[in-house]
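Hi,

Here is the structure I promised to pass on. Have a look at it first, and then read on for what turned up.

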Amino acid sequence: MVDATVGMGGHAEALLEATPLATCLLGLDADAEAIARAGARLARFGGRARLEHASFRRLAEVAAAASVERAVAVLMDLGVSSWQIESAGRGLSFQTSEPLDMRLDPFSGDTAERLLNRLPEADLARIIAEYGDEPHARRIARAIVRRRPLRSTDDLVAAVRAGVPRAAWPKRLHVATRTFQAVRMAVNDEPGALRQALPQAAALLAPGARLGVISFHSGEDRIVKLTFRSLTADGPYAVVEPSPLQPGDDEVRANARARSAKLRVLERVA
Ligand SMILES: C[S@@+](CC[C@H](N)C(=O)[O-])C[C@H]1O[C@@H](n2cnc3c(N)ncnc32)[C@H](O)[C@@H]1O
């Protein structure tokens with residue numbers, strides 16, 4: 001099995017518990033701290049669990065290096081975990097004042113600070129609208145450009161506050177939630193990585209095996225839907241449920257963070 005977003009290893013642990021001893025799991029994560037946490041949680045499975053610090057952009061290469069030719073299941077649980085948002089120093093939270101980094105892998109790519117201080121206003125507006133579903137994206141982009149250079153998460157929060165009229169501040173969300181999500185997705189090129197990874201994940205499936213992708217964002221769900229559609233048109237795949245599976249009321253009551261999750265499943269036909 002492959003868990004391409006192993007995180008703290010919760011799904012990986014459940015998968016290993018549910019499968020026979022001969023089934024092994026390869027877990028990837030772009031965040032080295034996640035790999036360390038998953039390693040501690042999965043230690044009791046010994047050689048059944050193998051973990052690699054890598055982006056799922058490189059899924060095919062990482063699987064080949066681990067001698068995984070075919071998988072009985074591939075799972076992707078997109079986005080970030082709440083501990084990553086809350087952990088100090090990453091700049092992912094609007095609750096504390098920190099440098100604007102936001103990279104899941106601090107050795108790869110530009111920081112949020114570079115992106116926010118460099119991109120043209122129109123590009124910022126597009127990112128905030130598209131990745132954040134933020135109705136005030138243009139005003140926020142204008143406020144960011146006016147307040148440059150931005151150095152800390154506080155500076156970004158202040159720009160969002162200045163951009164969104166007070167009467168339009170959301171009631172149940174922090175006013176900067178959508179903008180922080182959008183900037184994080186752009187810094188890590190999360191949609192680009194997903195587009196690259198999905199065909200690689202599908203190619204790993206053994207006949208009868210399934211790829212499950214959980215997304216929390218309408219743009220990502222659209223990428224999964226369209227990529228699955230083109231894979232089924234061109235190859236030996238079938239979409240298992242035409243509409244995505246979503247948590248029921250009981251699950252949402254038990255785990256409010258699952259509220260916006262959508263699971264799509266692709267099967268390699270036997
Ligand atoms: C929602 S969490 C997964 C939680 C996990 N299912 C668990 O049970 O703990 C998403 C994970 O995907 C990782 N991630 C995000 N983009 C990635 C990428 N391009 N390649 C690999 N991992 C990535 C994040 O670092 C994070 O740990």
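Helices here are DSSP runs of H or I with at least four residues, strands are runs of E with at least two, and both are numbered from the N terminus.

Before the rest, a word on the source. This is a predicted model, in which local features need pLDDT of at least 70 and side-chain atom pairs count only at pLDDT 80 or more, while totals for chains, interfaces and linings use all residues. Residues are numbered from 1 along each chain as its sequence is written, and side-chain values use heavy atoms, with hydrogens and water left out.

Met102 has a positive phi of about 75 degrees, although it is not a glycine. Most residues other than glycine have a negative phi, and most peptide bonds are trans. A cis peptide bond, with omega about 0 degrees, joins Arg148 and Pro149. Pro149 sits in the loop between α7 and α8 (153-163).

**The sheet**

Seven strands form an open sheet with mixed pairing, in the order β3-β2-β1-β4-β5-β7-β6; two strands pair if DSSP finds at least two bridges between them. β3 and β6 (237-239) stand at the edges with a single partner strand each, so one side of each has no neighbour in the sheet.

Strands β2 (residues 25-29) and β3 (residues 49-53) are parallel, paired over 5 bridges, and Leu28 stands opposite Glu52 in β3. From β2 the chain passes through helix α2 (residues 32-42) to β3, a right-handed β-α-β crossover (with the strands pointing away from the viewer, the path from the first strand over the helix to the second runs clockwise).

Strands β1 (residues 2-3) and β4 (residues 71-77) also run parallel, joined by 2 bridges. Here Val2 stands opposite Val74 in β4.

**A helix pair**

Helix α6 (residues 121-132) packs against helix α7 (residues 137-146) at an angle of about 135 degrees, with their axes 8 Å apart. Axes are lines fitted to C-alpha atoms, for helices over the stretch in contact, and angles run from 0 to 180 degrees between N-to-C directions. α6 and α7 are therefore oblique to each other (under 35 degrees counts as roughly parallel, over 145 as roughly antiparallel, 65 to 115 as roughly perpendicular and the rest as oblique). The contact (heavy atoms within 4.5 Å) includes Leu124 and Ile128 of α6 and Ile140 and Ile144 of α7.

Enjoy exploring it!
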